[in-house]
Amino acid sequence: MKKIVTILVAILMVAALFAGGKKDTASTANKADAAAAVGYTYGENVTFHSDEPVTYTMYFSDASWYPMVDTWLSEGIFKKIEDKTNVHLDVVAYDSSVYTDKITLAINAGDSAYIIPKVYDESKFVDGGAVVAVSDYVQYMPNYTAFYNKYNMKADVDTIIKSDGKYYRLPGLHEKALQDYTMMFRKDLFEAAGYDIVEEEKTWTWDRLYDILVDVKAYMVKAGIVTEKDYIWSDLWCGSESGQGTGGNLLKIIGNSYGINAGWALGNGVQFDQEKKQFYFAAGTDNMKAFVTMVNKFIAGGILDPETFTQDDTTATNKFYNGKTALISINRGQYVTWISGLNTGVGEGNYEAYYGMTPVAVNKYSAENTRLENGVMIAERARKELGEAGFIKMLRFVDWLWYSSEAYTLYKWGPEGETWHYVTDASTGLQVKALLPGYKCGGLGIAGADTDLDIRLQWGYAGGNFWYGHTTAENADNFLPVLQDFYARLGKYREAKPLDPAVAPTEDENEQINLWGTPLKDNIASWTLQFITGQKDINKDWNAYVKSCENLNSKALTDLYNKIYNR
């Protein structure tokens with residue numbers, strides 16, 4: 001099994017590789033010259049610019065914890081994009097909690113915006129012809145194709161190819177897979193209970209974590225921090241706001257360690273067995289039973305709050321900030337926010353936080369193995385209304401916006417000299433990015449004074465609609481030492497999961513998969529949440545659960561996957 005390459009090493013290697021700056025090849029210059037003849041410039045490492053002002057409609061997934069404000073449009077990210085490219089983005093924003101539902105209705109009605117970002121699964125849009133087979137057009141996208149070729153992305157992108165040999169989503173492309181979501185622990189509470197979390201995390205299982213948390217709770221009760229009736233783990237990204245009815249992030253992480261797709265990763269229960277080289281219904285296996293049994297153990301034992309799977313995210317974080325819980329999920333973009341919350345609630349100097357690895361179970365896989373991110377669909381409506389030449393022009397703008405290093409830096413950090421500048425890192429001697437005085441950014445994990453402006457809240461930089469993919473060096477250019485240390489440990493003590501093979505159903509087969517898979521997914525999610533919260537008895541009701549899946553065609557669906565795979 002291939003070990004994950006240590007990210008810290010990769011950061012230095014890739015940073016050195018790119019230290020020489022941008023290259024300007026003859027082919028790039030020729031492309032820019034040719035495009036200029038039709039009213040715009042473009043190319044690899046060339047700023048897209050339209051000679052005439054142009055407007056494209058685009059959807060926007062608006063996060064409630066950093067909602068879009070007018071300054072994003074008038075002077076922030078969207079204004080800066082327009083200043084550089086002469087492209088005005090007519091933004092249609094929906095709250096992230098209803099984003100997928102809203103764009104689905106519009107796409108199916110044929111009334112979609114041209115550019116459709118933040119798409120995780122394009123399958124249900126393919127057969128109706130409402131979105132473009134973007135693989136037919138990537139030859140017009142120089143930044144995309146250069147990255148695809150340089151980092152050998154074919155095997156990854158092949159996983160989203162449909163039966164017609166095409167793909168319909170422009171995915172975020174990563175040089176290396178980077179696990180984002182993990183756990184933050186109150187290291188001081190673990191130590192007070194007698195545990196060295198730095199040593200424990202190297203090999204701990206979920207059972208081991210449970211035993212440790214029993215003692216941590218006992219300490220917290222004795223110290224008067226909580227009562228016996230309280231839970232010391234109450235998580236976010238799992239409930240009413242962002243859990244998507246599946247158990248969200250937490251079930252994804254725990255399920256992964258049992259070889260089960262769950263939570264945010266929940267599909268229709270069918271997965272691929274790498275040893276047997278065949279698909280099977282994983283949601284009905286012993287590993288699935290062990291997974292839900294483990295989560296239920298945390299709840300039944302008074303450790304994990306069952307409200308985790310119903311509450312909003314702010315409720316969960318407030319419990320952690322106020323010192324009532326000992327651990328919580330986190331991603332690298334929230335580190336500074338969590339620390340700030342603890343400083344306010346528990347008090348600076350009264351705690352020690354640890355950005356740790358999650359436990360293992362039947363495997364030692366990290367939670368992420370794909371180098372693809374969510375991506376961008378393009379509406380068929382755009383091709384019809386813009387015409388072939390105008391459509392290709394728009395794709396070249398999309399290519400610059402999502403796949404060029406220039407745009408990545410702009411929407412992640414803002415304009416150089418306005419929000420950030422280069423400084424010399426004392427430990428490495430390398431030039432690194434740093435925010436200018438007076439600015440901070442929760443999205444980048446960069447703290448500041450209360451009076452400092454947050455460049456994400458104020459202007460929309462470091463937001464989730466654009467910031468995906470790119471090189472390891474670019475991904476890591478804002479990483480604090482605590483994050484660099486986490487990735488170094490992850491590379492040493494965890495493994496990368498092999499990629500599952502691509503399955504390319506025909507239009508009829510895809511329709512059948514959706515007809516069977518959608519109710520099956522809902523059924524799995526419902527039973528899973530009932531099992532883990534104790535509403536259903538895992539031992540007494542397990543056979544009834546499996547039977548309910550069989551009645552919803554779990555076997556027929558698995559057989560169909562294998563038929564397609566073996567074709």
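**Exercise 1: Disulfides**

Find how many disulfides this predicted model holds.

*Solution.* Start with the whole structure: a search of it finds 0 disulfides. Cys238 has a relative accessible area of 2%, and Cys549 has one of 1%. The cut-off for buried is under 20%, so Cys238 counts as buried, and so does Cys549.

**Exercise 2: Two helices, α7 and α16**

Work out how helix α7 is oriented relative to helix α16, and which residues make the contact.

*Solution.* First, locate the helices: α7 covers residues 142-150 and α16 covers residues 380-403. Their axes lie 7 Å apart, at an angle of about 50°. That angle makes α7 oblique to α16. Now go to the contact itself: α7 brings Pro142, Asn143 and Tyr144, while α16 brings Asp399, Trp400 and Tyr403. Sorted by class, these are 4 nonpolar, 1 polar and 1 charged residues.

**Exercise 3: Another pair, α11 and α13**

*Solution.* On the α11 side, the contact uses Trp206, Asp207, Leu209, Tyr210 and Leu213; on the α13 side, Met294, Lys297 and Phe298. By class, the contact has 6 nonpolar, no polar and 2 charged residues.

**Exercise 4: Confidence**

Find where pLDDT stays under 50.

*Solution.* Begin with the chain, which averages a pLDDT of 91, with 93% of the residues scoring at least 70. Then turn to residues 1-33, where pLDDT stays under 50. Where pLDDT is low, predicted coordinates should not be read in detail.

Note on methods: Residues numbered from 1 in each chain as written. Predicted model: local features only at pLDDT ≥ 70, side-chain atom pairs only at ≥ 80, totals over all residues. Heavy atoms only, no water. pLDDT = per-residue confidence, 0-100. Contact = heavy atoms within 4.5 Å. Axes fitted to C-alpha atoms, helices over the stretch in contact; angles between N-to-C directions. Helix = DSSP H or I, 4+ residues; strand = E, 2+ residues; numbered from the N terminus. Parallel < 35°, antiparallel > 145°, perpendicular 65-115°, else oblique. Nonpolar A, V, L, I, M, F, W, Y, C, P; charged D, E, K, R; others polar. Disulfide = S-S within 2.5 Å. Buried < 20%, exposed > 50% of the residue type's maximum accessible area, 1.4 Å probe, protein only.
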